Amino acid sequence: MTKAERTGTESPASPKIAGQDKRRPVIVTAALTGAIHTPSMSPYLPVTPEEIVAEGIRAAQAGAAVLHVHARDPETGKPDQSVAAFADILPKLKAQTDCVINVTTGGSPFMPVEERVQPVAHYGPELASLNMGSMNFGLFGMLDRYDTFEHAWEREHLENSRDLAFRNTFKEIEYILTTCGARGTRFEFECYDISHLYTLKHFLDRGLVTGPLFVQSVFGLLGGIGNHAEDVMMMRRTADRLFGDQYVWSVLGAGAAQQRIAASSVAMGGNLRVGLEDSLWKAPGKLATTSAEQIELAKGTLAAQGCRVATPAEAREMLALKGKDQVNF
């Protein structure tokens with residue numbers, strides 16, 4: 001990646017020239033359901049395997065190149081990180097889309113690493129998320145926004161985050177890298193703070209990870225870095241200094257900051273993630289009915305900045321992935 005591409009200072013790209021689209025391709029990741037929001041928060045949050053697959057197909061049709069996948073108990077909506085929970089999701093997404101399928105190793109912050117790693121170790125996807133540091137993970141602020149919850153676990157899930165430390169120690173990160181990387185899976189390194197970038201640099205220096213690094217900077221979650229414009233620029237400058245041209249940068253903004261953070265990344269030559277895992281909203285007071293609606297909003301930002309969505313093939317090339325024919329599903 002050139003300096004101009006990293007800083008977003010390249011001259012505006014022209015539209016299609018001689019049959020080629022010269023606009024900069026931007027990887028759009030759709031995070032379909034996650035483990036933070038609970039079913040009572042939105043009737044549109046996908047819970048069952050059928051709903052998650054349908055959500056992925058809509059996101060792919062809207063332009064997502066990467067689908068970030070969690071699973072849930074179909075009856076209660078509680079996060080489920082068992083191998084069986086992904087069995088009715090991953091093969092169908094592979095068969096019905098051409099997207100890169102990115103399976104979580106984060107699972108839920110309440111789960112031990114041995115539980116969180118199971119689906120990636122078993123299925124060997126092209127890409128897996130990997131949180132790069134231990135942190136406080138405060139979800140309890142959402143309690144004030146909802147009067148009732150359908151399932152008992154939902155209130156407990158939020159209330160118990162007052163005393164929640166999401167463990168991602170050096171030992172645990174190395175365990176995930178060696179367990180999953182042996183099958184050719186590469187990683188989306190989720191960095192919730194500046195220190196997580198330095199942790200990633202530690203593993204790069206040790207040779208346990210190799211470029212191109214896919215660095216997903218996470219903004220606005222209580223316990224991590226904030227969502228101010230200065231926070232975004234500081235993460236970008238630090239990653240540039242640590243990794244130079246060895247990384248591909250992407251961002252996600254939690255909640256109402258989703259589209260603003262995405263626009264900041266595009267302006268600085270980066271990529272973006274949207275989806276109902278990160279935000280339930282499409283506008284103030286208006287729930288998104290699908291992640292595809294958020295992708296359409298992001299595409300407007302891309303168009304305004306002379307960019308376009310990357311195809312799955314382009315994303316695979318940019319991230320040096322092994323290909324969808326090399327997975328175990």
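Seven aromatic pairs are counted in this predicted model, where rings of Phe, Tyr and Trp (its six-membered ring) pair if their centres lie within 6.5 Å, and where planes under 30 degrees apart are called stacked, those over 60 edge-to-face and the rest tilted. One of the pairs joins F170 and F203, a tilted arrangement with 6.2 Å from centre to centre and 35° between the planes. F170 belongs to helix α7 (residues 170-181) and F203 to helix α8 (residues 194-205), so the pair ties together parts that lie 33 residues apart in sequence. Helices here are DSSP runs of H or I with at least four residues, strands are runs of E with at least two, and both are numbered from the N terminus. F203 is buried at 0% relative accessibility, while F170 is partly exposed at 48%. For these words, buried stands for under 20% relative accessible area, exposed for over 50%, and partly exposed for what falls in between (1.4 Å probe, protein chains only). Ring pairs also link F137, F166 and Y192 into a cluster.

Residues are numbered from 1 along each chain as its sequence is written, and side-chain values use heavy atoms, with hydrogens and water left out. Because this is a predicted model, local features need pLDDT of at least 70 and side-chain atom pairs count only at pLDDT 80 or more, whereas totals for chains, interfaces and linings use all residues.

Stepping back to the whole chain, the secondary structure comprises 12 helices and 14 strands. The radius of gyration is 18 Å, close to the 20 Å that the globule rule gives for 329 residues, so the chain is as compact as a globular protein of that length; the radius is taken over C-alpha atoms, and the rule is 2.2 Å times the number of residues to the power 0.38. Along its principal axes, the C-alpha trace spans about 55 × 45 × 40 Å. Of the 329 residues, 55% count as buried. Among contacts (heavy atoms within 4.5 Å) with a separation of 6 or more, 75% come from residues 24 or more positions apart.

Leaving aside residues up to four places away in sequence, A59 touches A30, L32, A64, L67, A292 and I295. The C-alpha atoms of A59 and L32 are 8.4 Å apart, although 27 residues separate the two along the chain.

A304, by contrast, is exposed, with a relative accessible area of 70%. A304 is part of helix α11 (residues 291-304).

Two backbone details complete the picture. Most residues other than glycine have a negative phi, and most peptide bonds are trans. The bond from G211 to P212 is cis, with omega near 0°, and P212 is found in the loop between α8 and β9 (213-219). A320, a residue other than glycine, has a positive phi near 55°. A320 lies in the segment after α12 (312-319) and is partly exposed, with a relative accessible area of 40%.
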